[in-house]
Amino acid sequence: FGYCPDDNTVYFSRSVAEQAYNSLADKKIDRDTHKVSLLENQPADFALGTLFAGGWGMAVRHQLFKRSNDDRNALLAASCYTGAYAKDVNVAATNVPRFLLSPPDMDEATSAMLNLVGLDKTYGNRGTTGLQRIQSFVKGYQGGLSVC
């Protein structure tokens, strides 16, 4: 996953997209024995959406603000824009059919910010930690684009 300012394209590879989609760990509880099992590679559609939104966040930074996309501030700004996008998606408008996020979607976004966004095959950590990316996402979610 990445953003190319030269041709204004968010790009991705199918294998990384599939990895992102199947990136969530979940649990299975046997009601009879109360045994808890960890299920790896469960579907996480909003983890994938978070990676795409990160690329669009890079595009916003480049197109609207004419700023670099190669540094720490770029990744944190893109994380913030992604949070603002998630909030916008999640606020229902009157009489307008909207796509709404579920609580597990926010888990998926958190997982993506912690485990996927910082990978070299996505945007790289660019000197950030998972916690900083999450904080930036939450800042955007709570305050909208104006705080990014």
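## Exercises on salt bridges and helix packing

At 8% relative accessibility, Arg61 counts as buried, where buried means under 20% relative accessible area, exposed over 50% and partly exposed in between, with a 1.4 Å probe and protein chains only. The model is predicted, so that local features need pLDDT of at least 70 and side-chain atom pairs count only at pLDDT 80 or more, while totals for chains, interfaces and linings use all residues. Residues are numbered from 1 along each chain as its sequence is written, and side-chain values use heavy atoms, with hydrogens and water left out.

**Exercise 1.** Determine which residue forms a salt bridge with Arg61, and classify the accessibility of that partner.

*Solution.* A salt bridge requires a side-chain nitrogen of Lys or Arg within 4 Å of a carboxyl oxygen of Asp or Glu. The partner of Arg61 is Asp71, with the closest N and O atoms 3.8 Å apart. Asp71, at 29% relative accessibility, is partly exposed.

**Exercise 2.** Find the salt bridge partner of Arg14 and state whether Arg14 is buried or exposed.

*Solution.* Arg14 pairs with Glu18, the closest N and O atoms being 3.0 Å apart. Arg14 has 65% relative accessibility and is therefore exposed, whereas Glu18, with a relative accessible area of 40%, is partly exposed. By the salt bridge rule, the count comes to 2.

**Exercise 3.** List the residues through which α1 and α2 make contact.

*Solution.* Helices are DSSP runs (H or I, at least four residues), numbered from the N terminus. Counting heavy atoms within 4.5 Å as contact, the residues are Ala17, Ala20 and Tyr21 of α1 with Asp45, Ala47, Leu48 and Leu51 of α2.

Methods:
Helices (H or I, at least four residues) and strands (E, at least two) are DSSP runs, numbered from the N terminus.
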